[in-house]
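Colleague: I have just opened this one and would like you to walk me through it slowly. Could we begin with a helix and then move on to other parts?

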Amino acid sequence: MINSVRATVCVVLLLGVVGAGVVWWQRAPSAPSLPENVTELIPAECWFTPEMPADCYRLRVVDAGQTFELPVVILRADQPSQAAVLYLSGGPGGSAFLSSDDMIYWQAQYRRLALNADLVLVDRRGTGLALPNLQCEVYRRDYRSALAKNYSAHRENDIIFQSMSACFDQHLSPAPEAHRIAVSALGTQADRRDMLALMSALPYAQWHVWGVSYGTRLALAIAEQAPPTLATLVLDSVYPPGRGSNEEWPLLMSESMNRFFRWCDAKSCADYRAQTWTSEQLFQSVLTRLDRHPMTLSLPSWYGDAPYTLVVNGQRFLQIAFSAIYDQYLWPDIAATLIEVPNGRDDALKSLAENFINNAFDPVFSELVFYAAECKDNLPSERPAVTAALAQSTHYRRYLEGQMQWDVCAADAFEGRRGAEQLPTQLAAQIQVPVLMLSGAIDPITPAEWIEPLQATLPQWQSAVFADVGHAVVASDACAEQLLASFVHSPLQKLRVQGEGCRSDQIQLQYGGGVH
């Protein structure tokens, strides 16, 4: 789903867990010492302090003339296990967050999950701590400069298109080259090959594959190959085949904003809402005000860089608010901005903007990997379909117009490759292992209704929709952790809402065939 506004917020999309890593391998791998299309799992010293049994590896892959090294962490169960859970982060281009600080989070969550299975974490090609780390420095430089100016969405998207096109020319090539990476070496099929190789290299009799957001699409791609050791899939914030086109974006944004404001009026925004205005009306008035009177903010960097300067006009506030809907802990700040900004205050806006801009420049996210996967996973859209979609987005059309012109996937690097790796839309019918689907009812980017076609075709499935959750359910709600653990333990037994603080009226459970 590559388009104008999403191009500027892609770095916060579908990441799955919170945190930020620090690169621990500073140099790219040495020249390939393995034959082409060979993988090797190499034991490595862990770069963090284990608080439980843990092993670390490097998965070395030679593909299309390029050597990749992927960091792998295995958190071990108290008792030796023949089963493992493979975690697949979102993005695409998102890291699993494996820095020494983030491993504190992972070890704490692993204790809470009590899986009775090992947990396997890996950064995929070009992301996080993997080598080479594939980032577009020209894009980051130009985008940072643009954010400090009062640019329209059209001007900003032009800058992004030009910068990303230059980045593709610099780093990607149609075929292997000495100093550029072949486009074929990045994307869903390449990641699937790596994950299947990792699963084969480790001696587990059963694999439970847990994907978040884009990681759910990769999990489905793995299941398409039907590896004999695959036992279950857990799909958190489902990004199914056939979704992600340009023409979906305007309506998706409008419906996501409307859904959030309906929830907001019924719940948390009541204290902020004027008696005669809905929260959406207030939001529209803030957009108009910021277009007329932008606010300039100085925001701290989480990565030790100089403070960011961000000029917040209407189109940028729309981006900031949309990205904040991912995380329910930011929702009160969205509500607060509706009252504060008209009164000239920026406290809540600063909080939202700090989160937005630091996600935008996260050093473990790869723009190259993001576009390589998205552009090859999704077919190009026809102009009439996009025009018709824009016509349905009455509130936000002024910020979205021109998205066909600034379609980053139209760059030369992806000529002839658009949609080349798209998964079959009926893939779910072929999956013969039990599947658990988790969704947030307020998720703005992978809405809960996206699971419905999978429910109609998967042979064995269960689903849970959480009423007050956005994106990445397990990272957002302790009750989702309990459901995940129960499912891995007994995948065909009906799940039940249980545990302290878990309420059945807040979690909608559904069951498909084969579940008892």
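Modeller: Let us begin with helix α6 (residues 214–224), where 10 of the 11 residues are buried, so the helix is largely enclosed by the rest of the structure. Buried here means under 20% relative accessible area, with exposed being over 50% and partly exposed in between, using a 1.4 Å probe and protein chains only. Helices (H or I, at least four residues) and strands (E, at least two) are DSSP runs, numbered from the N terminus. Please keep in mind that this is a predicted model, in which local features need pLDDT of at least 70 and side-chain atom pairs count only at pLDDT 80 or more, while totals for chains, interfaces and linings use all residues. Residues are numbered from 1 along each chain as its sequence is written, and side-chain values use heavy atoms, with hydrogens and water left out.

Colleague: Which elements cover the buried residues of α6?

Modeller: The cover includes the strands β4 (83–88), β8 (206–212) and β9 (230–236), together with the helices α5 (188–201) and α12 (367–377). Among the buried residues of α6 are Tyr214, Arg217, Leu218 and Ile222.

Colleague: And what follows α6?

Modeller: Ala226 follows α6, and its phi is positive, near 50°. Most residues other than glycine have a negative phi, and most peptide bonds are trans.

Colleague: Where do Ala64 and Ala114 sit, and is each of them buried or exposed?

Modeller: Ala64 has a positive phi of about 50° although it is not a glycine, and its place is in the loop between β2 (54–63) and β3 (66–75). Ala64 is buried, with a relative accessible area of 11%. Ala114 also has a positive phi, of about 45°, and lies in the loop between α2 and β5, but Ala114 is exposed, with a relative accessible area of 52%.

Colleague: What is Thr127 in contact with?

Modeller: Thr127 is in the loop between β5 (118–122) and α3 (137–147), and it is buried, with a relative accessible area of 1%. Leaving aside neighbours within four places in sequence, Thr127 is in contact (heavy atoms within 4.5 Å) with residues including Gly93, Ser95, Asn133 and Val369. A polar atom of the Thr127 side chain also lies 2.9 Å from the backbone oxygen of Arg124.

Colleague: How many salt bridges are counted between domain 1 and domain 2?

Modeller: The count between domain 1 and domain 2 is 3 salt bridges, each being a side-chain nitrogen of Lys or Arg within 4 Å of a carboxyl oxygen of Asp or Glu. Elsewhere in the list of residue pairs, Arg259 forms a salt bridge with Glu449, the closest N and O atoms being 3.5 Å apart.

Note on methods:
A polar contact is a pair of N or O atoms within 3.5 Å; within protein, one must be able to donate a hydrogen and the other to accept it, and residues adjacent in sequence count only if both atoms are side-chain atoms.
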